[in-house]
Amino acid sequence: MATSFYFVVPFERKTTDAFDHLLWNDCKGADFSLLATLPPGQVMTPPALGLEIARRSQDSLTVSSVPFHRAAPAIGRVLRAFMSSSNNERNALLAGFDYLAVCRAPLGLVGSEKMPLFDAIMTGSAGPGLHPVSSVKQSDLIVLRIEK
């Protein structure tokens, strides 16, 4: 006679927080046609989005980070830029880049208060030195020009 034991483990769905969204959202389904209109330059991007932009930009744009371990220093720089509450520190981290790109996120994500720049971009108030690049169509891809 066979005996079976079943353990019931409650399943808890993980909620996506601001860090998850920033790092791993690749703007799936977004309109990337804006990239073709940008002058060549360097783009500070979170890793998953960086891979998409690199794939779609036909070498006119270079990206700061992609989701590979060798990009860890660049990923750290992206996180510091988004987490900094100091405009001077943020500007120093953005120095050398022409654009900043992120994917649109829902407002009020858990942890967004720890990422002032991310929160500001989502509410449309990115602050001094960052200017939205206009697009014909509304898209989940947000691109800001960095003032030099």
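What share of the contacts in the protein with a separation of 6 or more comes from residues 24 or more positions apart? Such residues account for 57% of them, where contact means heavy atoms within 4.5 Å.

Before selecting anything, note that this is a predicted model, in which local features need pLDDT of at least 70 and side-chain atom pairs count only at pLDDT 80 or more, while totals for chains, interfaces and linings use all residues. Residues are numbered from 1 along each chain as its sequence is written, and side-chain values use heavy atoms, with hydrogens and water left out.

Begin with the whole chain, coloured by secondary structure: there are five helices and five strands, helices being DSSP runs of H or I with at least four residues and strands runs of E with at least two, numbered from the N terminus.

Next, select helix α2, residues 47-56. Its buried residues (under 20% relative accessible area, with a 1.4 Å probe and protein chains only) are Pro 47, Ala 48, Leu 49, Gly 50, Glu 52 and Ile 53. Show their surroundings, and you will find that they pack against several elements, including α1 (18-24), β1 (41-44) and α3 (72-83).

Now pick Glu 52 within α2, which counts as buried because its relative accessibility is 14%. Its side chain makes a polar contact (N or O atoms within 3.5 Å, one able to donate a hydrogen and the other to accept it; residues adjacent in sequence count only if both atoms are side-chain atoms) with the side chain of Arg 55, at 3.0 Å. Apart from neighbours within four places in sequence, Glu 52 is in contact with Asp 26 and Phe 32.

Definitions and conventions. Buried means under 20% relative accessible area, exposed over 50%, partly exposed in between (1.4 Å probe, protein chains only).
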